[in-house]
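Please keep the sequence and the coordinates in view while reading.

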Amino acid sequence: MPAKIRKTLLHVEETLIEGGKAAPVPLKMIAAVAVIENPWAGQGFVEDLRPGILDCAPGLGELLTGMILDAAGGGDKVEGYGKSAIVGVNGEVEHASALIHTLRFGNHYREAVGAKSYLAFTNTRGPANAPLQIPLMDKNDGGRRSHYLTIQLSVADAPGPDEIVVALGASVGGRPHHRIGDRYQDLKELGHDVENPASV
């Protein structure tokens, strides 16, 4: 069966001033969140999570992607992106991971925004009001540090013990006064190959 959704939440924040200085272009960060019943709740240890993944992940990816696109004004506006899930205390972190670490979830978002980078992520376990953190990175350039951002929020009544909070995050823009450079300058100064940054 598709995910049993108790509620959804759309979080939008806009930063106009950072460090006491007006942002040349305000930073908008968006989180689309769904609170769902854990599809494996009450079943004990489930060896094969695949049926639940196939049932739930595609619909969640489509729903949350649509919420992001509506709030951002289209996929072309999204610059940074990421994903996150929190499983309630009766579940396993593997349950949270199962729903977001599948192409059947992430590809809805990746294709809608025309992305090349992998989706940054967190997957944790916690009680209601647990902190939800969605790390972001540039959708096409993993070394662009201006878009290393984190959306932080919580849902007062979720996740319940047998629930999972699933979320996608987006930024329209990067940090307003980015001034730490990008990783390519470091690699150049250290004499490392951009294609082989660990020199292995």
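Arg6, Lys7, Asp157 and Glu163 are linked in a network of salt bridges, a salt bridge being a side-chain nitrogen of Lys or Arg within 4 Å of a carboxyl oxygen of Asp or Glu. The model is predicted, so local features need pLDDT of at least 70 and side-chain atom pairs count only at pLDDT 80 or more, whereas totals for chains, interfaces and linings use all residues. Residues are numbered from 1 along each chain as its sequence is written, and side-chain values use heavy atoms, with hydrogens and water left out.

Helices (H or I, at least four residues) and strands (E, at least two) are DSSP runs, numbered from the N terminus. Aspartate 157 also meets the side chain of lysine 7 in a salt bridge, at 2.8 Å from N to O. Because lysine 7 lies in strand β1 and aspartate 157 in the loop between β6 and β7, this pair ties together parts that are 150 residues apart in sequence.

Relative accessible area is classed as buried under 20%, exposed over 50%, and partly exposed in between (1.4 Å probe, protein chains only). Arginine 6 is partly exposed at 40%, as are aspartate 157 at 36% and lysine 7 at 32%.

The structure holds six salt bridges. Another of them joins aspartate 76 to lysine 77, with the closest N and O atoms 3.6 Å apart. Here aspartate 76 is exposed, at 61% relative accessibility, while lysine 77 is partly exposed at 37%.

Helix α2 (residues 93-100) is mostly covered, with six of its eight residues buried. These are His95, Ala96, Ser97, Ala98, Leu99 and Ile100. They pack against β2 (21-37), α1 (50-72), β3 (80-87), α3 (103-113), β4 (120-125) and β7 (163-172), where contact means heavy atoms within 4.5 Å.

Two loops hold backbone features of note. Most residues other than glycine have a negative phi, and most peptide bonds are trans. The peptide bond from alanine 158 to proline 159 is cis, with omega near 5°; proline 159 is in the loop between β6 (149-153) and β7. Asparagine 129 has a positive phi, near 70°, and its place is in the loop between β4 and β5 (132-138). At 42% relative accessibility, asparagine 129 is partly exposed.
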